[in-house]
Amino acid sequence: VSSPPSPPHLPSHCAMITLTLCCPTQNCPLQEDSVRLVQELQRAGVAVDFGGVKTDGSFRLAHPAAGAWTLTPLPGSDGFKAEIDLAAFGAPGAAVAAVDALEPTEGAAPPTWHQDGNVLTLAADARAFAYRITFKK
């Protein structure tokens with residue numbers, strides 16, 4: 001983890017943090033510490049930019065080349081906000097038709113979302129097994 005001085009486009013009270021997470025298949029002693037740091041930042045409501053996805057939550061995103069995508073909150077996840085760059089995942093110019101909760105628990109709120117160009121912004125309470133992102137044909 002490194003924390004260089006604030007770039008000119010950030011206020012002086014901010015710092016840019018760059019994280020390098022090791023692949024789980026490699027033997028990396030820093031991996032657990034890196035994951036723990038990301039989790040602490042997210043619990044504090046800090047959005048982490050993973051390149052293609054900026055979020056204050058923890059989830060898996062299955063993004064097949066064709067058909068709907070599935071966003072699955074990790075076990076124990078709290079509600080989250082996410083910005084997903086569709087172009088970064090091979091879907092430049094795609095238009096989202098809907099974001100639906102799959103197997104929501106009782107009292108779950110429906111996800112809210114909007115799209116601006118290639119960026120899908122969504123918020124969910126993580127009280128569903130997963131969320132399906134469908135695209136217009």
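Q: Is T72 buried or exposed?
A: T72 counts as buried because its relative accessibility is 19%, where buried means under 20% relative accessible area, exposed over 50% and partly exposed in between, with a 1.4 Å probe and protein chains only. This is a predicted model, in which local features need pLDDT of at least 70 and side-chain atom pairs count only at pLDDT 80 or more, while totals for chains, interfaces and linings use all residues. Residues are numbered from 1 along each chain as its sequence is written, and side-chain values use heavy atoms, with hydrogens and water left out.

Q: Which residues is T72 in contact with, leaving aside its neighbours within four places in sequence?
A: Those residues are F59, R60, F129 and A130, with contact meaning heavy atoms within 4.5 Å.

Q: And which strand does T72 lie in?
A: T72 is part of strand β4; strands are DSSP runs of E with at least two residues, numbered from the N terminus.

Q: How many bridges join β4 to β3?
A: There are 4 bridges between β3 and β4 (residues 69-73), and the two run antiparallel; A62, for instance, has T70 in β4 as its bridge partner.

Q: What is the strand order in that open sheet?
A: The order is β3-β4-β9-β6, with antiparallel pairing, where two strands pair if DSSP finds at least two bridges between them. The edge strands are β3 (59-62) and β6 (96-104), each pairing on one side only.

Q: Changing topic, which strands stand at the edges of the open sheet of 5 strands?
A: That sheet has the order β1-β2-β5-β8-β7, and its edges are β1 (48-49) and β7 (112-116), each with a single partner strand, so one side of each is left without a neighbour in the sheet.
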